[in-house]
Amino acid sequence: MTDLASLDGSWQELIAIALDARQQAYARYSNFLVGAALRAADGTIFRGCNVENASYGLTQCAERTAVASAVAAGARQFTQLVIAASGAVTPCGACRQVLAEFCRELPILLVDADQPQHGRLYQLSALLPGCFELLPDRPGH
């Protein structure tokens, strides 16, 4: 675990936003609230929260709602992501792959919402080595 108080102000801002976004989560079935704050290269911050559905496969994760919001606003490059949830959990595989589409070396801070002074910092490439990529410009692809 990392002592989050030692992180710079850009991380502190994202932590506060992710914790706030978590309170908006629609987690009717699991009661597992997740919030995300994604910083675009221009400094704009996009929020996300998980949105569950009775048809579990239609549930949207906080990370992907933040990415979708960013893309809808025209952002394509990202510099930081904070995910806030009980236990400082890592993103699911689908979220890892979606994030890798935009920034394979994205720094991701996982914050334990129950102990928000603690968290873990990763590079996306460490969480998803060998991500899937489509290489349409190569012969045979």
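In the predicted model, Y56 is exposed, with a relative accessible area of 60%, whereas Y29, at 34% relative accessibility, counts as partly exposed; buried denotes under 20% relative accessible area, exposed over 50% and partly exposed the range in between, with a 1.4 Å probe and protein chains only. Residues are numbered from 1 along each chain as its sequence is written. Local features need pLDDT of at least 70 and side-chain atom pairs count only at pLDDT 80 or more, while totals for chains, interfaces and linings use all residues, and side-chain values use heavy atoms, with hydrogens and water left out.

The structure holds two aromatic pairs, a term applied to rings of Phe, Tyr and Trp (its six-membered ring) whose centres lie within 6.5 Å, with planes under 30 degrees apart counted as stacked, over 60 as edge-to-face and the rest as tilted. Y29 and Y56 form an edge-to-face pair, at 6.2 Å centre to centre and 80° between the planes. Y29 lies in the loop between α1 (9-22) and β2 (34-40) and Y56 in the loop between β3 (45-49) and α2 (62-72), so the pair ties together parts that are 27 residues apart in sequence; helices (H or I, at least four residues) and strands (E, at least two) are DSSP runs, numbered from the N terminus.

F78 and F102 form an aromatic pair that is likewise edge-to-face, with 5.7 Å centre to centre and 75° between the planes. This pair links distant parts of the chain, 24 residues apart, with F78 in strand β4 (residues 78-85) and F102 in the loop between α3 (93-100) and β5 (107-112). F78 is buried, at a relative accessible area of 6%, whereas F102 is partly exposed at 28%.
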